[in-house]
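Please keep the viewer open while reading.

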Amino acid sequence: MADGFSFQLLHTDGAARAGLIRTSRGAVRTPAFMPVGTQGTLKAVHWHEVREAGADIVLGNTYHLMLRPGAERIAALGGLHRFINWPHPILTDSGGFQVMSLAELRKVDENGVVFRSHLDGAIVELTPERAIEIQALLGSDIAMQLDECLRLPAEAAEIVRATHLSLRWAERCKRAFDKFSLGAPPGRALFGIVQGGDDRRLRAESARALVDLGFDGYAIGGLAVGEEQAVMLAMVEEVMPHLPADRPHYLMGVGTPEDLLEAIARGVDMFDCVLPTRNGRHGLAFTRHGPINLKNARHADDPRPLDATSRCPAARDFSRAYVHHLVKANESMAGMLLSQVNLFYYQDLMAGARDAIAAGSYDAFRGMTREAWARGDIAPYVASS
């Protein structure tokens, strides 16, 4: 494992794990949810709110930051942590997700990916070596290998091709990371990414090959990209026995609160997803009562807060009627408040999972959480006559 980076497994409860990732910029409690700051920011949320919600680590994106403002510029300004004023750990994606999401703007070959910038049409090449160089310039604490992520379902031959290409890229990323680490401050880590689509055999093959290469942590990519939840969880179950217990396990781009609960039960330590902030900007709050859609007219006269017992000021201090009004009026404050509510809820869900694993009661915690979602509010608001 890289100097200055470590993972300590503190508790287990069945397959569920609670642990601690240590980096030179601080510790990350696991299971951990990483808010996504793709371009060096979370939309409509201040960094101090992210920290107050309980996040130990956030995510930035190689593709977007290399286009704007540029990795070399960020490096000249002191690195990504200083640039965004977040002194805590940062994980950077490699740009592999954009290989899927920007499929109409790129070409993939053995050497790497050539993108036509979605900003100005400029041609930009992203090879495994360049992806690692950019992440070194950004100064992230955890870097990811470049991979090819496919949308599911996909043709079997395409899954085989992309899986084997990602493995060859993983080897090149490992060599590049070792090169850029020479003389660099300790504490940076590199994670490999298991691919294989919805093919159990390929998933196992990918995991074993990555472990043979020897990474600081292992991610499972190419899921939550069109398949059903049952397929996603089956792929997680297939991969987990092949991953070392003394390394972090990261399920990329996932997901809903239910996805997180189920993946933790199968041994996942880390998550990231845009859902908390994206759904908040579209009027949806995640709460211990389950999701609440503030677009619905039934909230227009409801004086109750979203959750009177929440740690989150936005959930406690504003009425549903007010937030409904903001949503219907398309006020930016609506997205700000609901994004904050959702970030707090996701972090509270992770904290509850960690405590339950430590107490040996994760199954009970998972069941009670799902029952609370199913019940919803204890009683709907009815205006007095």
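## Basis

This is a predicted model: local features need pLDDT of at least 70, side-chain atom pairs count only at pLDDT 80 or more, and totals for chains, interfaces and linings use all residues. Numbering starts from 1 along each chain as its sequence is written, and side-chain values use heavy atoms, without hydrogens and water.

## Helix pair α10 and α14

Helix α10 (residues 257-264) packs against helix α14 (residues 332-359) at an angle of about 20°, with the axes 11 Å apart. That makes α10 roughly parallel to α14 (angles under 35 degrees count as such). Helices here are DSSP runs (H or I, at least four residues), and strands are E runs of at least two.

On the α10 side, the contact (heavy atoms within 4.5 Å) is made by Pro 257, Leu 260, Leu 261 and Ile 264. From α14 come Tyr 345, Tyr 346, Leu 349, Met 350, Ala 353 and Ile 357. By class, this contact has 10 nonpolar, no polar and no charged residues. Ala, Val, Leu, Ile, Met, Phe, Trp, Tyr, Cys and Pro count as nonpolar, Asp, Glu, Lys and Arg as charged, and the others, Gly among them, as polar.

## Pockets

A pocket is an open set of points on a 1 Å grid, with protein on both sides within 12 Å along at least five of seven lines; lining residues have an atom within 4 Å of a point. The largest pocket has a volume of about 1,100 Å³. Its lining has 44 residues, with Phe 97, Gly 253, Asp 272, Val 274 and Arg 278 nearest the centre. Helix α5 gives the largest share of that lining, five residues. The lining splits into 18 nonpolar, 16 polar and 10 charged.

The second largest pocket has a volume of about 310 Å³. Of its 19 lining residues, Arg 288, Asp 307, Tyr 345, Asp 348 and Leu 349 are closest to the centre. β15 (284-287), α14 and α15 (362-375) each supply at least two lining residues.

## Cavities

The structure holds three cavities of 30 Å³ or more (a cavity is a set of points where a 1.4 Å probe fits but cannot get out). The largest cavity has a volume of about 50 Å³. Its lining has three nonpolar, five polar and one charged residues.

The second largest cavity has a volume of about 40 Å³. β4 (32-35) and α14 each supply at least two residues of its lining.

Conventions. Axes fitted to C-alpha atoms, helices over the stretch in contact; angles between N-to-C directions. Parallel < 35°, antiparallel > 145°, perpendicular 65-115°, else oblique. Points joined across faces, edges and corners; volume = space filled by probe spheres on them.
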